[in-house]
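Hi,

Here is the structure I promised to send over. Have a look, and my notes follow below.

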Amino acid sequence: MSNDQPPPGQPPEDDPFRKKPPQDPPPSTPPPPGGGSPSGDSPYGAPPPPYGTPPPPYSGGAADPLAGMPPLAPLGKRVAARIIDALVVGVPLALVGWLLGMFDNYNGDDWDEVSTQMSGGKSLVWQLVSMVVYVGYDTYMTAKDGRTVGKRLMNLRVAMLNSGTTPPANAALLRAVVLWVPALICCFCLWWLINLVMIMVDKPYRQGLHDKAAKTVVVSTA
């Protein structure tokens, strides 16, 4: 058995979820004398595409980047994976914050008082810590093998759209920043709703805004 290890950020050669390179077509049979096709289908000897084969999504005849990849992840599994990841990070983070007394002052009923307390120095520091933890978690897990805890449980994986490989660190970081920072700064529920709608309506790759920024897709591994 070989002990060679794949380069960092790349799946092994036998990874069943790695995008497979296109196979070389078999050599065509020379046309018979007098022209025509040996198969009777094409003057160049190549058979026509199977019935029902969809055209490539890009103009100019470019190949589909998802050719050779597993199917795209279902929306329900993506939502479930994101909820799991939010709990995996959020529950320990909230417990640490409670032990440090970060939430002791949030006991007023007046909204102006609560807003003032939330904009205080201690709250801003805790908000920054939360962003670093969430972004760091998502970046590390995505760059490691494309799977956070939630995605692993849901049999999902993040892949680069153009190659099917595990996202490199810079793409994983950009994806995590676009996903978490707007949600944690000002518009938690609204940002998740925008991303959810984006995934639902995006064709043909079901990319959220974070996927668009990092040029990634989420695929099934089962």
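Which residue forms a salt bridge with Arg175? Asp211 does, and the closest N and O atoms are 2.9 Å apart; a salt bridge here is a side-chain nitrogen of Lys or Arg within 4 Å of a carboxyl oxygen of Asp or Glu. The pair links distant parts of the chain, with Asp211 in helix 7 and Arg175 in helix 5, 36 residues apart. Shared partners join Arg78, Arg175 and Asp211 into one network.

Before going on, a caveat: this is a predicted model, where local features need pLDDT of at least 70, side-chain atom pairs count only at pLDDT 80 or more, and totals for chains, interfaces and linings use all residues. Residues are numbered from 1 along each chain as its sequence is written, and side-chain values use heavy atoms, with hydrogens and water left out.

Asp211 is buried at a relative accessible area of 0% (buried means under 20% relative accessible area, with a 1.4 Å probe and protein chains only). Arg175 is buried too, at 1%, and so is Arg78, at 11%.

Trp191, Trp192, Asn195 and Ile199 are buried in helix 6. Seen down the helix axis, these buried residues fall within an arc of 95° (taken from the directions from the axis to the C-beta atoms), so they line one face of helix 6.

Cheers

Definitions and conventions:
Buried means under 20% relative accessible area, exposed over 50%, partly exposed in between (1.4 Å probe, protein chains only). Helices (H or I, at least four residues) and strands (E, at least two) are DSSP runs, numbered from the N terminus.
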